[in-house]
Amino acid sequence: MASSSSEKPAPAIRPANGKLGVLIPGMGAVTTTFIAGVEAVRRGLAAPVGSLTQLNTIRLGKRTDNNSPKIKDFVPLASLDDLSFGCWDIFPDNAYEAAVHAGVLEKSMLDQLKEPLERIQPMPAVFDHEYVKRIDGPNKKPAGSKMDHAEMLLDDIRTFKEKNDCERLAMIWCGSTEVFNRPAAVHGTLKDFECGLVKSDPEISPSQIYAYAAIKSGVPYANGAPHLTTDTPALLEFARDREVPVCGKDFKTGQTFMKTLVAPGLKARMLGMHGWFSTNILGNRDGEVLDDPGSFKSKEESKLSALEQILQPELYPELYKDVYHKVRINYYPPRGDAKEGWDNIDIFGWMGYPMQIKIDFLCRDSILAAPLVLDLVLFMDLAQRSGMRGVQEWLSFYFKAPMTAPGLYPEHDIFIQLMKLKNTLRWMKGEQLITHLGLEYYD
Ligand SMILES: NC(=O)c1ccc[n+]([C@@H]2O[C@H](COP(=O)([O-])OP(=O)(O)OC[C@H]3O[C@@H](n4cnc5c(N)ncnc54)[C@H](O)[C@@H]3O)[C@@H](O)[C@H]2O)c1
């Protein structure tokens with residue numbers, strides 16, 4: 001095997017033996033579409049479209065070597081047959097009922113998966129109405145301090161692992177978006193955070209209690225929503241100490257996915273931009289929660305940051321200094337999960353002549369998000385078996401607001417993110433990294 005050109009030696013990867021338990025706070029549209037999809041793929045009823053771990057290949061060596069195995073044959077990933085699912089939600093519906101309610105998948109498909117879905121009953125949630133204002137439900141943990149709730153979650157995690165005979169676990173947040181908050185004093189160090197849990201500090205959100213319990217249990221934690229969760233000094237310190245990988249934030253699906261495809265292309269050609277107006281209509285429960293200004297603020301921050309980072313106005317003031325960027329999300333119940341996102345982009349070319357681009361993306365939010373959940377769970381488990389800990393920047397590919405080491409700006413360009421992801425896999429296996437220099441073909 002060729003040795004990696006990275007300075008850091010390739011890790012020894014533990015094998016993916018036994019079952020991987022997937023723990024998910026929030027059992028709504030994304031979660032049920034993900035679980036139903038895995039069950040459908042297992043039964044040969046559907047294909048895992050959109051998943052890199054299941055479909056994508058990775059080139060090894062020179063282009064002339066013709067060696068491009070599937071990613072899942074190159075690195076040892078848990079197989080879909082080895083996944084079992086455990087969820088928490090404030091609504092007591094089982095996964096079949098929740099999937100019918102979400103209205104993403106056809107009833108005829110769900111009926112074929114009724115038996116495995118009905119078996120998934122959500123555990124009572126740690127919930128705080130101050131953090132998600134538009135919804136409430138009865139399936140909650142009994143009253144107690146935030147530390148009591150963390151201990152109840154630790155218990156849930158232990159019990160799930162034993163009952164389902166899991167070798168390893170991974171947790172991924174697919175719950176509602178919490179209201180916007182910035183790191184506070186209580187997020188400074190682990191000691192501050194644990195004191196805050198005991199005192200039920202109002203600055204500690206439910207998602208942070210789940211993340212604390214995950215990290216304490218040695219379980220990797222991914223954040224599919226835009227709120228902070230592990231992106232604080234206290235929980236990052238904890239993750240590194242416990243050798244636990246973490247990543248986030250906010251699945252990169254509909255409109256921001258489009259933005260990170262189009263914007264790097266315009267910038268690559270040095271075309272200028274006056275403005276980018278994005279608006280959405282969606283009518284699912286996520287849309288209802290985002291109708292609250294606090295939750296929308298979390299989303300807005302994560303959506304706005306991508307464009308600025310890609311265009312780098314500080315390097316190209318003549319092209320991008322005054323870009324007017326506006327993002328709107330409108331809750332419109334008739335659409336359900338079938339979102340529509342419009343983009344109007346005002347660009348300019350040679351000698352400043354203006355042009356316009358219009359995008360109308362009739363997408364299905366949860367259909368786009370489900371394969372991301374699958375890949376993240378499998379890659380986070382791989383990262384842990386490879387001894388990687390703390391922020392997993394190589395998984396930026398999946399997020400609107402990628403977490404990075406303190407002081408580093410996030411990489412938003414999806415093609416750079418993909419290269420980073422694949423080079424990380426090559427590095428893990430001690431293969432040569434691919435730089436795309438290609439001079440050797442012309443010697
Ligand atoms: N679908 C996408 O394309 C997409 C993209 C990016 C981010 N997201 C984020 O993913 C998350 C899930 O999206 P969705 O469409 O499935 O939403 P959803 O409203 O259908 O499901 C979220 C579920 O979380 C539950 N919940 C809320 N707070 C909880 C808590 N503290 N503990 C346990 N459960 C809790 C709710 O009851 C609900 O059932 C949202 O935060 C959304 O913003 C989704």
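Reader: How far apart do the C-alpha centres of domain 1 and domain 2 lie?

Author: In this predicted model, those two centres are 26 Å apart. The domain assignment gives 19–251 + 367–428 as domain 1 and 254–362 as domain 2.

Reader: Okay, on to the strands. How do you know that β7 and β8 pair?

Author: Pairing needs at least two bridges. Eight bridges join β7 (residues 272–282) to β8, so the two count as paired under the rule of at least two. They run parallel, and Phe277 stands opposite Lys326 in β8.

Reader: Why is the sheet called open, and which strands stand at the edges?

Author: Four strands line up as β8-β7-β9-β10, with mixed pairing. β8 (324–331) and β10 (354–362) each have a single partner strand, so one side of each has no neighbour in the sheet. From one strand to the next, the twist averages 10°.

Reader: And what packs on the sheet?

Author: That's helix α11 (residues 254–268), which touches β7, β9 (340–348) and β10. The direction of α11 makes about 20° with that of β9.

Note on methods. Residues numbered from 1 in each chain as written. Predicted model: local features only at pLDDT ≥ 70, side-chain atom pairs only at ≥ 80, totals over all residues. Helix = DSSP H or I, 4+ residues; strand = E, 2+ residues; numbered from the N terminus. Axes fitted to C-alpha atoms, helices over the stretch in contact; angles between N-to-C directions. Contact = placed C-beta atoms within 7 Å. Domains from an automatic or database assignment.
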